[in-house]
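Dear colleague,

Please find the structure below.

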Amino acid sequence: MRMYDLIKKKRDGGVLTEDEIAYMIQGYTDGRIPDYQMSAMMMAMYYQGLNEAETLTLTMEMAHSGDLLDLSAIQGVKVDKHSTGGVGDKTSLALTPMVAACGVKVAKMSGRGLGHTGGTIDKLESFTGFHTDITTEQFLSQVNRIGIAIMGQTADLAPADKKLYALRDVTATVDQMSLIASSIMSKKLAAGADAIVLDVKTGSGAFMKKEADAAALAREMVRIGNGAGRKTTAVITDMDQPLGYAVGNALEVREAIDTLSGSGPKDFLELCLTLGSHMLLAAGKADRTEQAREKLLGVIADGSAREKLAEFVAAQGGDADMVYHPERLPEAALKESIPAENDGYIEGIVCDEAGICSLMLGGGRETKEDVIDLSVGIVFHKKKGDAVRKGEAVATLHANDKAKLAAAKERLSRAVTISAEPVAKTPLIRQVITQA
Ligand code: URA
């Protein structure tokens, strides 16, 4: 077999066989197929697309290109959750202790990530001493013992995807539906869970700006997951404004703790209940959505979800007292509010801009080497459609540097718009997809 012939076949609209895709992925992972040939293949795939069988084969080959996490030592159904990402997305921080408190086994690999805030691991490091540097044995035994553990992504999980994603990033071939779906799902399949719940975001702050595109991506991922024998559900959710009120690492941790204490933002709680109920259904911990929601609300009301977070933080070396005393979380020195310029209704909060302002304050990384300031960020006081009076604070910036604060404040003021006329609220949960 020759890579040249495979590129030509795809370029001319042909369908690659299982053997051809296996040859290509194994060869690329080993370094036998050079970047320039793979770049040409990615561009051919970008234009010609992949059919369902090709997409599934590509995903399985990438999933099997490195280590597969073997979760069989954990008793019960293991359920994973993945979000395509957005501004203020602190879902894992509240959702995983909620479902673990309901008896679902959560064995999660998370990342740090570039962008407007850190990833789940960075956020969790707001708890003094918390670390994810644990062996696979410790990870498995912690899940069996307390029902929840989070570890960093090992280098050898789906290495083909790691290489390919980096190549796609510099060859303008990221935004192809089948390539995105296979990239995300290869990592999820390699991470070993029996069932997967996907939160696919849509709107100005999401990868997929249009709901129809988000739904198409979701269907593709559900098809792959179910095709690979993992029960997969996708929920399409709004990312046209930041999720909840807080954007920034420790600020988001605090909001997650508030949610576990019963005083979190309505939209964020609703997202946790929706995703959580599908996780409970997948794990066989509930038969109906309503019953699952009641269980999830129950573990908030009786305090066991918050206790589960404290238990999890302590198990991974963190100061669990901060879960009960969030005022001990990292806090910025400077706080300044943005007042509404007029009476009216919040017309919109440009999601991407809110993310950039958090990054400008030091809350995220632009390069892998950047050090995050966990204490900075933004707390909004209003959501789209809320009434506001002239002079009332619409957001408060948390900063440690006067110049950064001034620049972010100026930019954020332009990202929040007010209308004199009432504005309709945007629904958070758009669609649930269980079958492609
Ligand atoms: N996230 C991924 O992991 N892969 C993609 O291709 C796009 C987003």
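**Sheet and helices**

Helix H17 (residues 402-415) lies across S7, S9 and S11 and runs at about 20° to S7. Helices (H or I, at least four residues) and strands (E, at least two) are DSSP runs, numbered from the N terminus. Angles run from 0 to 180 degrees between N-to-C directions, with axes as lines fitted to C-alpha atoms, for helices over the stretch in contact, where contact means heavy atoms within 4.5 Å. The model is predicted: local features need pLDDT of at least 70, side-chain atom pairs count only at pLDDT 80 or more, and totals for chains, interfaces and linings use all residues. Residues are numbered from 1 along each chain as its sequence is written, and side-chain values use heavy atoms, leaving out hydrogens and water.

Helix H16 (residues 351-361) lies across S6, S9 and S11, at about 140° to S9. The open sheet has four strands in the order S6-S9-S11-S7, with antiparallel pairing; two strands pair if DSSP finds at least two bridges between them. Strand S6 (246-247) and strand S7 (334-339) stand at the edges, each with a single partner strand, so one side of each has no neighbour in the sheet. Four bridges join strand S9 (residues 377-380) to strand S11 (residues 393-399) in the antiparallel sense, and Val379 stands opposite Thr396 in S11.

**Charges over rings**

The charged end of Lys163 sits over the ring of Tyr28, 4.4 Å from its centre. Lys383 lies over the face of Tyr245, at 5.7 Å from the ring centre. This description requires NZ of Lys or CZ of Arg within 6 Å of the ring centre and within 35 degrees of the ring normal.

With kind regards
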